[in-house]
Amino acid sequence: MFFVLSKTLGIMLMPTNFLIGLGLFGAILLATRFASLGRKFLIASIALLAICGFSPLGKWLLYPLEQRFPPWDAARGAPDGIVVLGGSIDPDLSSAHGAPVVRTAADRVIAAAALALQYPNARIVFSGGSANLISNDEKEADYAVSVFESLGISGERLIMERRSRNTQENAEFSKAIAAPKGGERWLLVTSAFHMPRSVGLFRKAGFAVEPYPVDWRVGGPADLSSFSILPTGGLDRIDIGVREWMGLAAYRISGKTSEFFPGPGQP
């Protein structure tokens, strides 16, 4: 039920979808006796879409998420394993074109491959199935193998977890397939904005990981006052930020994590 709600109600509540829906509802009301209210909804929709698209509001939402964990300190020595979360490869497009299609968050795979080359004894777990509400046979992990191999990583080193649909299942299934032993050090590679939620879920699953954030969407503090030339980037950041904060709240309220905003040094 949690997964279904996240793929239905959660998507409907994304700012871009919600504001477009508000505008469409306002347009419908123009043909009724509530035309005055409809005009207000239309104006509000356009104005808020412009604010979300051009203003740095999305950066303000993402910045505290991305800054929550510092860069990984390699001085502590080589890791025993590396878990990289999916979200980079579109399995449906990959199936349609007969080749891996990397759409977003490519840094996750690139950084994991670089780490694998740097630490040749580390085990590599890629966790990614299908996030579709109606599942099919196309799984992200199936296409990730060839991407890693093209980056110089032997397929024999790869452990592919292909059943997970969301971050909670990433954590639970990765632990089951990796079977980490006491004292082992495992890195977790995912987008910086996604790291707090991911770490919280891995901790709840009993899988101790060291964050290795990548795929930043915001620069330094000066970036927080810069406006966007095109609205698409701003709207994307707004949707990502709202989704992450909603996810943090939903997982904490449902008891799937032990803290609302997981950070370094927490149990």
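This briefing covers the sheet, the salt bridges and the surface of one structure. The model is predicted: local features need pLDDT of at least 70, side-chain atom pairs count only at pLDDT 80 or more, and totals for chains, interfaces and linings use all residues. Residues are numbered from 1 along each chain as its sequence is written, and side-chain values use heavy atoms, with hydrogens and water left out.

**Sheet**

- Five strands form an open sheet in the order β3-β2-β1-β4-β5, with parallel pairing. Two strands pair if DSSP finds at least two bridges between them. Strands (E, at least two residues) and helices (H or I, at least four) are DSSP runs, numbered from the N terminus.
- The edges are β3 (158-161) and β5 (210-214), each pairing on one side only.
- From one strand to the next, the twist averages 20°.
- Strand β1 (residues 81-85) runs parallel to strand β4 (residues 186-191), and four bridges join them. V83 has L188 in β4 as its bridge partner.
- Helix α10 (residues 195-204) packs on the sheet and touches β1, β4 and β5. Contact means heavy atoms within 4.5 Å.
- The direction of α10 makes about 145° with that of β4. Axes are lines fitted to C-alpha atoms, for helices over the stretch in contact, and angles run from 0 to 180 degrees between N-to-C directions.

**Salt bridges**

- The count is eleven salt bridges. Each is a side-chain nitrogen of Lys or Arg within 4 Å of a carboxyl oxygen of Asp or Glu.
- K59 bridges to D223, with the closest N and O atoms 3.2 Å apart. K59 lies in helix α5 (residues 57-66) and D223 in the loop between β5 and α11, so this pair ties together parts 164 residues apart in sequence.
- K59 is buried, at 6% relative accessible area, whereas D223 is partly exposed at 22%. Buried means under 20% relative accessible area, exposed over 50%, and partly exposed in between (1.4 Å probe, protein chains only).
- E244 pairs with R197, the closest N and O atoms being 2.8 Å apart. E244 belongs to helix α11 and R197 to helix α10, so the pair ties together parts 47 residues apart in sequence.
- E244 counts as buried at 1% relative accessibility. R197 is buried too, at 10%.
- R217 and D215 meet through their side chains in a salt bridge of 3.0 Å, N to O. R217 is partly exposed at 25% relative accessibility, while D215 is buried at 8%.

**Surface**

- L9, L13, F18 and M246 make a nonpolar surface patch of about 350 Å². Patches take residues with over 30% relative accessible area and no salt bridge; like charges are joined within 9 Å, and nonpolar side chains (Val, Leu, Ile, Met, Phe, Trp, Tyr) within 5 Å. Accessible areas come from the Shrake-Rupley method with a 1.4 Å probe; for residues, only the protein chains shown count as cover.
- F18 sits in helix α3 (residues 15-29). With 45% relative accessibility, F18 is partly exposed.
- A222 lies in the loop between β5 and α11 (231-253). A222 is exposed, at 66% relative accessibility.
- C-alpha to C-alpha, A222 and L9 are 35 Å apart in space; in sequence they are 213 residues apart.
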